[in-house]
Amino acid sequence: MKKQPTVLRAAHWSALHPGRAIAGWFVFVALCLAAGLALGNQRAGDDDFQVGESGRAFALAIEAKVQDRPAEHVMIHTESGPLDREAADAAARDVTARMEKLPEVTGVADPVLSDNGRMLRVEVSMKGTKREAKDYVEPLLEQTAEVQEAHPGLVVEQNGDASVTYGLEKQRGKDLTKSELITLPVTLVTLLVVFGSLVMISVPLLLAVTSILGAVGLSMVVSHVVPDSGLGMNMILLIGMAVGVDYTLFYLKREREERELAGGRLLPEALVGIAAATSGRAVVVSALAVIVSTATLFLADDVIFSTLATGTIIVVFVAMISSVTVLPALLVTIGRRMDRKARRATERGKKLRRRTPEKNGRVWAALLKPAQRRPAATLILSVLVMLGLAAPALGMDLRVLNKDTHSRQIPEMRAYDRLNDAFPHLRAEHWVVVRAEAGQERQVAAALDALADKAGRDPAFARTPRELRTSADGRTSLLTLRVPYKLSSPQAKASLDHLRDDYLPATLGTVEGAEYGVDGPIAVDRDYLDNQNEKLPLILAVLLLVTFVMTVLVFGSVVLGLIGVLLNLLSVAAAFGVLVVFFQWGLASTLFGFEHGATSEIGSRVPLFLFVILFGLSMDYQVFVVSRIREAALTGMPTREAVMDGLAKSAKVVTSAAVVMVTVFSTFVFLHLAEMKQIGFSLAVAVLLDAFVIRILILPSAMVLLGRASWWPSTKLRRAAAERKATAQAPTPTGTPAAPATPAAPGTPEVTATPAAPVATSLAADTAPHPTGHAETPAATARTR
């Protein structure tokens, strides 16, 4: 007998030792959390975010210690009416005295009055880099709050990069809590409809939650290798609940289906063995598809994409481990309990009511009819609809979402607007960094003077006193040029173009051997988008190749590999098109009241991340649906019948899983951060289209039309069809042909004493059909009643 695959061995051991398996799982989760808490979460530093020219300029400034220091601005004004200057000056003195005592503060500037005389501003310089400042900003905020209490007649508030980041992270935490509060009840209701049992619905929720906890701990450990950009937790919660419930759902449904078919003739251990050999194997393949697809994000060489990929990979891996280890133990435990209750009821003389096999009902029958009766028309019409949905994606306008796009429901963002309205030159800045050889100080100084003069005559720049820092050795200088426009405005973008294309070559470019570049928020956004666009073709090419190869390995079919790639492209394109209509065209603002500033353009990271994640998630449904079709085809059933049989058995569970995913992803639409809104919306739309259009209409229509060619070049399906035909034509003892073999009807009592054939040793191997209609496993034959 061939050696069992690892999935089956793990499930077999778990089924035979449920107590140890359950205890081991909780110990594993506890150890992951303990290790993560002990090591802490390693956050990405400023160096990790730098790309392109801005990154090189930043490195020059850091090396010479002339980088722009983080600063917070304490704003003193009134709700309405003129500013009481005497009261404002007293508040400013109070702010200065308090801030100078803090170890996080390196200096406090003199108060500055706005041009309109309505606001007094006190600038507070902080230690560390701009990205580190958020870790030190809380004491400053506390002092500002105390000044506010001491001067109730004024409005005293604080704003700056550090306080904005601090506020956004606090709001993100509140949003995630709100998301979970919405997701859990809806998931409970969905599972209750699917299973009709409170005991059974507790299993997927338990595994999803523990998988998330384990992933959180592991992500902290991994962050010391791949630093966390701050989005890791978002991804773990977003993806963890969805795949955790889905993987468990597929496994549970198969076990329950086999229980109904067995009619009490198989022990719980045997039923779990069957589920492991079929749905358990499909779960592993699907999880590996998501993991491998997501890993292509590392090719972007970007800390944010690396964080998103790491969080997704870890939580999917942990969810997969839970579904093939502790889940079989839980199912055996529940099965044994059900058997004991049944025996006690029988001993009391109570007649047990046998569950009838679950049917899809009229709705699903109606959904499956088009592909069965008119596959050509269904395929053409469905593809045209999807292409129509995808068309708006051709006009997608990408931008780096920054402070201009964050929700103004966040208090820090309203304060940010008040600060910039009073002091427009603080909106954005360019940091021109130059390093030259010793002895070139005069040439560099003259070039910087010429640069400042050119910028001073350009309306895209603010006319402010020159701000220049020079290193101790005189070799490196940083000139700050301020821009009185929003970060993503055409004027701000034009100012960067003027600097890089015209002013720098004409000034610093004349200094022989000098290294120079432009850093700052405008430059960082431009370089980030350029870097992403540069890496995009490579990532997409690798992703398409990986998807194709995995499909061919799993099903042994080049045709299905090509179909899988094309269908995934279709569902992703349609999701992008709907995303453009709702967010870029503003339909979301009309329907949901979203702020237009957060919906006028698409976040630059959204398409690439969605492309990768959706390819992985689409493989989930591809694997589960085609696996059931293949099971039927391996009995020798013609492809058309196999397609309908596989769909009938998988349609309800696939769509139930999709409902759970859509629910989880949809909750992110109501978060405050525009990028998370767009990601959640697109994932929900894509999963919905994939489950109800791609897998119910397009895929079966294509397979019905292709017939046996769907499985090319695999020979196993042809052998199965030939064996079925030979069996049907074989003469009976009386010389008449035997009746065609048909699979056992659902609900027919099964005989389970037939010896088992070995289980294939690969995840891509066939699931051998049991003579009784069950997928055959060693556990199934060893544990019959």
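The model is a prediction, so local features need pLDDT of at least 70 and side-chain atom pairs count only at pLDDT 80 or more, while totals for chains, interfaces and linings use all residues. Residues are numbered from 1 along each chain as its sequence is written, and side-chain values use heavy atoms, with hydrogens and water left out.

Q: Why is Ser-54 called buried?
A: Buried means under 20% relative accessible area, exposed means over 50%, and partly exposed is in between (1.4 Å probe, protein chains only). Ser-54 has a relative accessible area of 1%, so it is buried.

Q: What does Ser-54 touch?
A: Contact means heavy atoms within 4.5 Å. Leaving aside residues up to four places away in sequence, Ser-54 touches Arg-500, Val-518, Asp-519, Ala-523, Val-524 and Asp-527. Ser-54 itself lies in helix 3; helices (H or I, at least four residues) and strands (E, at least two) are DSSP runs, numbered from the N terminus.

Q: What makes Arg-435 and Glu-63 a salt bridge?
A: The term asks for a side-chain nitrogen of Lys or Arg within 4 Å of a carboxyl oxygen of Asp or Glu. Here the closest N and O atoms are 3.1 Å apart, and the pair forms a salt bridge. Arg-435 lies in strand 7 (residues 428-435) and Glu-63 in helix 3, so the bridge ties together parts that are 372 residues apart in sequence.

Q: Are Arg-435 and Glu-63 buried or exposed?
A: Arg-435 is buried, because its relative accessible area is 18%. Glu-63 has 58%, so it counts as exposed.

Q: Which salt bridge joins Glu-515 and Arg-435, and what is the N to O distance?
A: Their side chains meet at 2.9 Å, N to O. This pair also links distant parts of the chain, with Glu-515 in strand 10 (residues 515-519) and Arg-435 in strand 7, 80 residues apart. Glu-515 has a relative accessible area of 40%, so it is partly exposed.

Q: How many salt bridges does the whole structure hold?
A: A search finds 23. Glu-53, Arg-500 and Asp-527 are linked in a network of them.

Q: What makes Ile-380, Leu-384 and Leu-387 a nonpolar patch?
A: Patches are made of residues with over 30% relative accessible area and no salt bridge; like charges are joined within 9 Å, and nonpolar side chains (Val, Leu, Ile, Met, Phe, Trp, Tyr) within 5 Å. These three form such a patch on the surface, with about 300 Å² of accessible area together, by the Shrake-Rupley method with a 1.4 Å probe, where for residues only the protein chains shown count as cover. Ile-380, in helix 13 (residues 375-390), has 52% relative accessibility and therefore counts as exposed.

Q: Where does Lys-65 sit?
A: Lys-65 is in the loop between helix 3 (52-64) and strand 1 (71-77). Its phi is positive, near 60 degrees, although Lys-65 is a residue other than glycine. Its relative accessible area is 67%, so Lys-65 is exposed.
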